Each structure stands twice: as structure tokens, then as C-alpha cells.
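Please consult the sequence and the three-dimensional structure shown here.

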Amino acid sequence: MSNRLKPLLIIFGFSAALMVFAAGCGRMPLVKHREHLMGTTVDVTVHHPDARAAEDAVSLAFREAARLEGLLSAYIDESDVSGINKNAGVQPAVVAPETFYVIRQAVKYSKLSGGAFDVTVMPLVELWSGAALRGELPSEREILEAGALVDFREIILDEKNSSVMLGKKGMRLDLGAIAKGFVVDKMAEILRDAGMRGALVNAGGDIYAHGTSYGGEGWRIGLRHPRSPERVVDVFSVTNRAVATSGDYERFFIYEGVRYSHIIDPRSGMPARGVISATVLAGTCLEADALATILFVTGYADGRPIIEELGAEAVLFNEDWEYGDEKRI
Ligand code: AMP
Ligand code: MG
């Protein structure tokens, strides 16, 4: 169940072959760089008159992304999140301000989604991915047991000491639905602060578009139909905004003809059903990332008020909707 590059978003205007490209015709140099981070491919494209300054800014952004991954990943033993998880039900763990910030944001989205989003979902995520590996479904009892350890209200945040504690032993945080967006924002911030004319950061479909693309306009991002990728459903021109998608084509397993996604509805303990893809445009990638996961769990009717309240935009596809029936918010 590896996280592969989301095929849903296409970015127009340049080929996939990257590297430094100093185009003729008076165009500005284009610096492109790709690395594997956070379980996905991260692409950065910068256009700026000074190619050397652009290269320096890009490597700074990647270094920062690696540092943040080292704090936020539940799969890195020395990370802040692992420290919190190991001390669940025992004592608070002191964390970096960035970690504290992301967890506080995660709690905010958990609250406003009524628990459809829950960063303590890890016990259920592991139960379902373990079952997928064995090619079977978890038992009802296992789902209840894991579900009893999932509750964002049991996260104790102590701002003064920058510490976080999980109330019960066995609880575990998983920032997988929000951390990538945060890291994308931080990378874009570094590129912007370095004075880059335009920059696009794309972490496997979690995107921030800063400034203008090399054509002098917004970055053009196309949205493909999740089941018919040859169909481009929409093209957004994005400037100083973020886009993120949650989809069931990304990581899933099929059991007796039913597709089970990697996104769990914490309220039922079952993989979310119905939505096949949710794309959100928002001011920050952290918000777009969180909202895309929320919409994936809630579906259109319950998710719409949340998207509207935050002034974001979304495109949603359901498994039983025909082509052209997708909903826009
Ligand atoms: P995303 O691709 O941003 O929707 O994030 C999906 C990842 O977030 C999963 O792989 C899990 O690690 C985690 N996750 C799954 N379900 C939830 C949920 N309901 N709330 C928060 N995180 C979740
Ligand atoms: Mg997300």
C-alpha cells in the first residue's frame, strides 16, 4: 500500500524531464528538483531571473522539508510524534513548536468536522492495513478495540511547555492527513521569502502555487476524472493558493470485490465509502490537505458547510456518480 504519485492533477506547460533549464526567447531560467520525502515524490519548480539564487532556495526548501519530516512522521523512531506515541498514557512529551502547531491545527479540524477527521486514528489505520496485508477483514471486536483508542479529545496540549500527551496507553497520533500540506506550505514560504518570482511545490498532489508560472500567469493545474484519467474535468489557474486531493485510488485494497480505502471514518471504525476523490483549493496547503480528507470521510452533504464556512473550494466525485455528475463547492 505505498503512496504513489497522484495521477489526478496535471500541471500544464512543461515536460516531466527536469533539471535546470535556461530557456531562450527571453524566458526566465527554470529550476526543477525532485526528491522522495514523506512517502511520496516531491517536485519543486521555480522560475526566477537568477538561476543560482533559485537553486540555493530550492535546496534550502528541501532541507527544511526533510527536517520537518523528521519531527512529524509517526514512522521515524526519533520523531516528535513517535515520542508522543511512546509516552501515551504515561507522560507529556516536549515537542518542537512546528509539531505543536500542526497538532493544534489537527485538533481544530477534528473539532470542526465532528470527529470525521481525527489525528488519533492510527490504531484503526494499522488494524486495517494489517488486515489488508493478510488479505482479510478485521473482526468487529478488533474494530471496537482499536476504535476505543481513537479520540482527539484525549489529546492534552500544553502550550506553555510545548508538550503533548495522549490520555490513554495505546493511543497513537498519525499526522498523515495534514502534515504533508504543512510541509508544502513551509517549502513555499522559504521560496517566497527568498524572493522567487514563481514557485510550485507538489508533494504527490498536495500543491502550493506561489506567484506566477513562467508564462507570467497563474500556475495551470488540471483535474482529471479519478476513474477516467484521460478526461480533464477542470483547469484551475492558481496563484498564492493551495490544492490537495484525497482519493481512493491512492492506497486501497480490494476484498470480495469491495474497495477499502486508506482513509478511515473514525466514527464507525470502517474505511470511508462513497467518495472516490475530493480535491480542495484553499489558502494554505495544510488546510487544503485537512479539508480533502474531511470531505472524503463526510461526503458532499455533510462536508459542504465546512468547506463553505472556511471559504475554500472543492470538487467531489462519488463512486455511483456518472461522468459529469461531480459536485463543486
Ligand atoms: P490524505 O491522503 O491526506 O487524505 O491522508 C490519508 C492518511 O491520513 C491515511 O493514510 C492515514 O494515515 C490518515 N488518516 C486516515 N483516516 C483519517 C481520518 N479520518 N482523519 C485523519 N487522518 C486520517
Ligand atoms: Mg489530507
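Asp289 is buried, because its relative accessible area is 5% (buried means under 20%, exposed over 50% and partly exposed in between, with a 1.4 Å probe and protein chains only). The model is predicted: local features need pLDDT of at least 70, side-chain atom pairs count only at pLDDT 80 or more, and totals for chains, interfaces and linings use all residues. Residues are numbered from 1 along each chain as its sequence is written, chains are lettered from A and ligands numbered from 1 in the order in which they are written, and side-chain values use heavy atoms, leaving out hydrogens and water.

Ala177, in the loop between strand 6 (163-166) and helix 6, and Asp289, in helix 7 (residues 285-309), are 112 residues apart. Helices (H or I, at least four residues) and strands (E, at least two) are DSSP runs, numbered from the N terminus.

An open sheet of eight strands has the order 2-3-7-8-11-16-17-18 with antiparallel pairing; two strands pair if DSSP finds at least two bridges between them. Strand 2 (30-37) and strand 18 (327-328) are the edge strands. Six bridges join strand 11 (residues 241-247) to strand 16 (residues 275-282), where Leu281 is the bridge partner of Val243.
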